[in-house]
Amino acid sequence: MTAQQHFVSRAEQSLNAANPAADDENLRIFSFSVTDREAFKVSLDSDRGRAIASTLVLRDLFSFDVIERDGNRFNLEALFGKYESRIQRHTLELLRKLQAGETDIKAEILDLFVAKFVNFLRNPYSVKKVLNSITPIFNYVPTDPEVLRQFRAVLDGKKPQQEFLCAQLGITPLEYRNWLAALFLLLVELGPDEPLLLEGIVKGLYEDPSNEVGVYVHQYSGEHLDKRCLLSDRGYSMPASESEHLSFSFNLSADAFISYVFINVATSAREGIRPDIMELFLKRKKNVSVRHLTNDLPMLALYNQRCVYQCHQTVYCSSRTLYGVDCIPD
C-alpha cells in the first residue's frame with residue numbers, strides 16, 4: 001500500500017485544478033501561504049502551481065502498523081475510499097441539477113455532507129478539535145472478533161512515522177493514536193448488522209427535532225466565472241461562531257462552495273417563547289431548506305477570507321488571482 005496518503009483526495013482537488021483538461025498525473029493547483037491572517041494576506045508559493053498528486057498529502061499519515069523490513073503497511077485508506085469515489089460525481093450532479101432547476105437533490109446534499117464531514121474528521125490539522133468533539137466514541141468496543149483484532153492493531157501497531165508526524169502537527173503520540181482509533185471506530189462496522197457510528201452522528205444532526213437545517217450552495221458563472229473559491233488545507237471553514245450554532249462551509253469546485261447550518265432552535269430561541277409553540281415546532285416534520293445562490297460576490301469574499309483566517313497555513317485555488325484576499329505574487 002502507498003506510503004503517500006492524501007487527506008484531501010486527488011478527486012476533490014481536481015475540481016479545483018488550474019489545468020482541468022490535463023490527465024490525472026499532470027493536474028496542478030496553485031497554493032498560497034498565509035502571511036497575515038488578520039488582514040487576509042497570502043503569498044503565491046509558485047507561479048507554476050503544485051502537482052495535485054503530491055499536494056495535501058503526508059507520508060504514512062493513516063498507517064497504524066508499518067512493517068519496515070518488507071515495506072508492508074496497514075492503514076485506514078480503504079475506509080475513506082467509498083467516500084472519495086463518490087464526491088466528484090455527487091458534486092457535479094448537484095451543480096447540474098441546481099442549474100437545471102431540478103429539486104430532487106436530497107441524496108447529493110446528504111452524501112456530500114457525509115463525505116466532507118469525513119474530510120473534517122481525517123484532517124491532520126484538526127486532530128485536537130476532532131478528539132474534543134467525539135470523546136464519547138471511546139465508550140464503544142468492536143463486538144466482532146476480527147474487527148476487534150484490527151482495532152487492537154490500530155492501537156498497538158508499529159508506527160515509525162509517529163515521532164515525525166507528531167512534531168510536525170503539534171500533537172502528542174497519545175493524541176495521534178487516539179485519532180487513528182477514533183477514525184477506525186467511526187468508519188468500521190463494529191459488529192454484525194451494526195450501523196456505522198459515523199451514520200449515527202450525521203443522522204443525529206439531521207433528525208434532531210430541535211435542529212433547523214439550512215443548506216446554501218453558492219455558484220459563480222457568466223461574467224463572474226473568473227471569481228474562484230478557495231480550498232483550505234483543513235478542508236472546511238466555519239461561517240459562524242460555535243457558540244451560535246454548528247455550521248460548516250466546504251469547497252465544491254473552483255466556482256462553487258456549500259454551507260450547512262444546523263440551528264438548535266430550543267437553545268437559540270428567545271426567552272419567553274410559549275412552551276406550546278415550542279412543542280409544536282419540535283413535533284412538526286422537518287425539511288432541509290436548500291438555497292441556490294448565483295454570483296453573490298460579498299459572500300464569496302467572506303468565504304475566501306474565512307478560508308484564509310481558519311486554515312492551518314495554506315489555501316489552494318485554480319487561479320493565481322484571488323477574490324476578497326490580498327495576494328503577494330511569487
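Is Arg122 buried or exposed? Arg122 is buried, with a relative accessible area of 1%. Keep that residue in mind, everyone, and please remember that we are looking at a predicted model.

So who sits with Arg122? Glu84 forms a salt bridge with Arg122, and their closest N and O atoms are 2.7 Å apart. This pair ties together distant parts of the chain, 38 residues apart: Glu84 belongs to helix α2 (residues 77–100), while Arg122 is in the loop between α3 (106–121) and α4 (127–133). Glu84 counts as partly exposed, at 24% relative accessibility.

Arg122 also leads us to a tryptophan. Beyond its neighbours within four places in sequence, Trp179 has contacts that include Arg122, Asn123, Pro124, Leu61 and Phe62. Trp179 is also among the residues with the most contacts inside the largest nonpolar core, a group of 73 residues. Others on that list include Phe113, Tyr206 and Ile258. Helix α7 (residues 173–187) gives the most to this core, with 10 residues. There is a second, separate core too, with 19 residues, Phe32 and Tyr303 among them.

Now, back to charges. The whole structure has 10 salt bridges. One of them is local: Glu146 and Arg149 lie 3 residues apart in helix α5 (residues 145–156), about one turn of the helix, and their closest N and O atoms are 2.6 Å apart. Glu146 is partly exposed at 38%, and Arg149 is partly exposed at 48%. Elsewhere, shared partners join Glu93, Arg96 and Glu102 into one salt-bridge network.

Thanks, folks!

How values were computed
Residues are numbered from 1 along each chain as its sequence is written. This is a predicted model: local features need pLDDT of at least 70, side-chain atom pairs count only at pLDDT 80 or more; totals for chains, interfaces and linings use all residues. Side-chain values use heavy atoms; hydrogens and water are left out. A nonpolar core is a set of buried Ala, Val, Leu, Ile, Met, Phe, Trp, Tyr and Cys residues joined through side-chain atoms within 4.5 Å. Buried means under 20% relative accessible area, exposed over 50%, partly exposed in between (1.4 Å probe, protein chains only). Helices (H or I, at least four residues) and strands (E, at least two) are DSSP runs, numbered from the N terminus. Contact means heavy atoms within 4.5 Å. A salt bridge is a side-chain nitrogen of Lys or Arg within 4 Å of a carboxyl oxygen of Asp or Glu.
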